[in-house]
Amino acid sequence: AGGAQAQTLGIGTMGQGTSGYSMGSAIAKVLADNGVNALVQPSAGTSAYLPLIDMGELDLGIANAIEVAEAMTGTGVFEGKQLANIAPAARLYPFHVGVFVRDDSGIETIADLAGKSVTYGYTSQVTINRVVDAILASAELSEADVTPVMVPNVVRGAEDFAAGRADGAFFAIGSGKVTETDAAVGGLHFVPVPDDEASVARLQEIVPQAYVTTIEPADNRTGVDEAMPVMAYDYMLVVGAHVPEETVGEIVTILRDNADVLAESFGGFRGMDPDDMIVDIGVPYHPGAVAALGDN
């Protein structure tokens with residue numbers, strides 16, 4: 001553990017109140033409890049901190065599989081901006097997302113969003129636009145069928161929603177900001193996505209790495225009052241190429257061996273599978289992670 005102990009590793013995350021921040025905080029605590037100093041460094045979004053990891057100014061980060069694959073290959077929103085010095089180190093857990101609305105809005109299906117105002121833009125989280133597009137497409141809607149409310153990131157979107165500037169806002173299910181917003185508006189609920197074959201095909205045409213899965217209500221899932229199908233994609237721990245293989249191996253081993261502790265810190269980690277931390281997302285993992293976890 002000597003190499004990792006000798007420095008403080010910087011973990012890039014989204015801002016406070018987001019699931020990304022909560023994930024990073026849980027990881028930093030588990031690492032620190034096991035002798036590896038780590039500090040969460042929140043920013044406006046992955047578009048801001050993934051390049052910092054690529055440049056070696058940050059060491060680790062939280063990003064979804066969509067962003068990681070596109071950043072490493074220079075495709076999609078990273079067209080012409082390839083980040084050749086980052087790599088996934090581990091799959092963390094499936095990430096459930098959706099659009100929430102006020103309980104008294106009368107909106108119960110994605111199709112009901114037609115003609116309504118929905119947060120959009122996400123200049124600091126550019127991948128989110130495609131995710132919102134995929135959710136709309138599941139019900140044969142597009143940006144043209146709603147009134148976009150332009151926001152830089154999901155936190156601002158939730159704040160604009162609470163201020164009455166949007167009928168629907170995109171966010172990760174299980175985030176603290178959703179609970180805060182629920183209290184501010186007097187009740188909200190996530191809108192289920194249609195899960196028939198044709199609807200899922202439309203969703204995956206826009207985001208191939210995504211899938212639809214049914215989730216159940218839980219204490220940490222504000223806005224989920226009954227079993228419902230939602231969009232999901234995997235969240236990853238990203239590492240810079242400058243981080244030594246030994247350090248990366250140590251980090252992922254600690255996370256694998258402390259999955260239950262991570263879940264105690266942040267409920268989303270209940271979905272983490274310690275035996276399935278390397279999954280195919282179309283790009284190679286950091287060799288230190290493969291050496292420690294094996295090629296699953």
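Reader: Where does Glu-70 sit?

Author: Glu-70 is in helix H4, residues 65-73; helices are DSSP runs of H or I with at least four residues, strands are E runs of at least two, both numbered from the N terminus. This is a predicted model, where local features need pLDDT of at least 70 and side-chain atom pairs count only at pLDDT 80 or more, while totals for chains, interfaces and linings use all residues. Residues are numbered from 1 along each chain as its sequence is written, and side-chain values use heavy atoms, with hydrogens and water left out.

Reader: Is Glu-70 buried or exposed?

Author: Glu-70 counts as buried because its relative accessibility is 7% (buried is under 20% relative accessible area, exposed over 50%, partly exposed in between, with a 1.4 Å probe and protein chains only).

Reader: What is Glu-70 in contact with?

Author: Leaving aside neighbours within four places in sequence, Thr-75, Gly-76, Val-77, Phe-78 and Arg-130; contact means heavy atoms within 4.5 Å. A polar atom of the Glu-70 side chain lies 3.4 Å from the backbone nitrogen of Val-77.

Reader: Changing topic. Which residues lie nearest the centre of the largest pocket?

Author: Tyr-93, His-96, Arg-221, Gly-267 and Gly-268, out of 15 lining residues. A pocket is an open set of points on a 1 Å grid over the protein atoms alone, where a 1.4 Å probe fits, with protein on both sides within 12 Å along at least five of seven lines; lining residues have an atom within 4 Å of a point.

Reader: Which strand gives the largest share of that lining?

Author: Strand S4, residues 86-102, with 4 residues.

Technical notes: Polar contact = N/O pair within 3.5 Å; in protein donor to acceptor, adjacent residues only side chain to side chain.
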